[in-house]
Amino acid sequence: MNLRRSTTVLAGLVVIPALLGPVPAMADEPEPAEPPRVELVLDVSGSMGARDIEGRSRISVAQQAFNEVVDALPETTQLGIRVLGATYKGENKKVGCQDTQQIVPVGPVDRTQAKDAVAGLKPTGFTPVGLALREAAEDLGSGATTRRIVLITDGEDTCAPPDPCDVARELAAQGTRLVVDTLGLAPDEKVRRQLLCIAAATGGTYTAAQSTDQLTNRIKQLVDRAQETYTRTPTVVGGSSVCEGAPLLAPGVYTDREKFSEHRWYRVPVRPGQELRASVSVALDRPVNPDYGVLLRAVATDGRELVRGVDAG
């Protein structure tokens with residue numbers, strides 16, 4: 001894995017790989033001080049009435065998925081539910097673009113209350129994704145643990161500003177303790193790009209869900225993952241200038257220091273069929289131009305580039 005930064009920085013690297021081969025460097029990992037907190041954000045705008053998922057409406061598929069997730073929820077998880085586009089039926093965009101409400105407060109789950117709250121939702125209005133994300137972050141509050149937002153939508157924001165990608169970057173800039181995962185219910189390229197942008201800005205994931213099982217299974221995975229994402233004290237590591245001989249990293253949080261246009265390499269063992277997740281946050285030691293960026297690449301042992309992620313500012 002190769003990290004390059006355009007300026008001198010303190011880079012915080014989060015790695016969640018599978019372990020294999022020689023014993024890697026280990027990061028310090030204290031026990032979480034408080035239960036994981038997750039908020040599910042559901043789009044209930046008019047387009048969620050479309051009947052194109054297994055002959056069912058998108059909203060009914062989402063409601064079934066919610067019910068199954070709530071039944072399987074770990075007892076320690078604190079869950080909240082926020083909706084957008086759920087109440088305003090008119091044509092006044094100014095009013096409709098304020099339409100987001102928290103219908104279940106973040107806390108220990110009352111399964112009956114949560115199911116009842118979701119069961120009564122009907123596709124209604126506009127799609128203020130950016131505003132809903134900002135409000136969801138406030139719902140989750142602050143604390144020692146990482147907060148997780150799971151956004152489920154079938155369309156792009158119809159209310160920008162605020163642009164949801166800008167909101168995601170804004171939330172990420174406040175620290176590394178909020179992750180937004182996105183789930184897309186419509187095979188639309190513009191929607192996919194927007195949801196990818198939101199997820200990438202916060203170190204989250206994007207998934208396209210085209211069936212009830214896909215949606216249910218993915219939400220369960222993301223809620224379960226919240227058990228593992230909490231603040232850790234970074235372990236100092238020194239990346240190398242080439243892949244060969246680069247430090248071998250176990251799951252954890254690491255910190256390194258880099259200069260202008262410098263490449264740093266780290267090795268992460270991953271078993272076949274398992275997933276590597278990595279993100280980076282940077283702290284500058286001086287003012288820089290707003291168009292500087294960070295590049296995070298994953299490369300296979302034979303040199304093939306697997307994926308790259310670039311963010312600026």
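This report describes the helix packing, the nonpolar cores and some backbone features of a predicted model.

Residues are numbered from 1 along each chain as its sequence is written, and side-chain values use heavy atoms, with hydrogens and water left out. Because the model is predicted, local features need pLDDT of at least 70 and side-chain atom pairs count only at pLDDT 80 or more, while totals for chains, interfaces and linings use all residues.

**Overall make-up**

The protein has seven helices and 16 strands. Helices (H or I, at least four residues) and strands (E, at least two) are DSSP runs, numbered from the N terminus. Of the 313 residues, 49% are buried; buried means under 20% relative accessible area, exposed over 50%, and partly exposed in between, with a 1.4 Å probe and protein chains only. Among contacts with a separation of 6 or more, 75% are between residues 24 or more positions apart, a contact being heavy atoms within 4.5 Å.

**Nonpolar cores**

A nonpolar core is a set of buried Ala, Val, Leu, Ile, Met, Phe, Trp, Tyr and Cys residues joined through side-chain atoms within 4.5 Å. In soluble globular proteins, nonpolar side chains tend to be buried together. The largest core here has 32 residues, and L40, L42, I152, L215 and I219 touch the most other members. At least two residues of this core come from each of β3 (37-43), α1 (58-71), β6 (78-84), α3 (111-119), β8 (147-153) and α7 (212-225). Helix α1 contributes the most, with seven residues. Leaving aside residues up to four places away in sequence, L215 touches V61, A62, A65, I152, L183, L185 and A209. Another core, of 22 residues, lies apart from the largest one and includes L133, A136, L151 and V167.

**Helix pairs**

The table gives the axis values for two helix pairs. Axes are lines fitted to C-alpha atoms, for helices over the stretch in contact, and angles run from 0 to 180 degrees between N-to-C directions.

| Helix pair | Axes come within | Crossing angle |
|---|---|---|
| α4 (residues 129-140) and α5 (residues 164-173) | 8 Å | roughly 20° |
| α1 and α3 | 10 Å | roughly 175° |

The α1 and α3 angle makes α1 roughly antiparallel to α3. Angles under 35 degrees count as roughly parallel, over 145 as roughly antiparallel, 65 to 115 as roughly perpendicular and the rest as oblique. In this pair, Q63, F66, N67, V70 and D71 of α1 meet R111, A114, K115, V118 and A119 of α3. By class, their contact has five nonpolar, two polar and three charged residues. Ala, Val, Leu, Ile, Met, Phe, Trp, Tyr, Cys and Pro count as nonpolar, Asp, Glu, Lys and Arg as charged, and the others, Gly among them, as polar.

In the other pair, V129, G130, L133, R134 and A137 of α4 meet P164, V167, E170 and L171 of α5. The contact of α4 with α5 has six nonpolar, one polar and two charged residues.

**Backbone features**

Most residues other than glycine have a negative phi, and most peptide bonds are trans. A cis peptide bond joins A160 and P161, with omega about 5°. The bond from P161 to P162 is also cis, with omega near 5°. P161 sits in the loop between β8 and α5, and P162 is found in the loop between β8 and α5 too.

E54, a residue other than glycine, has a positive phi near 55°. E54 lies in the loop between β4 (51-53) and β5 (56-57), and it counts as exposed because its relative accessibility is 53%.
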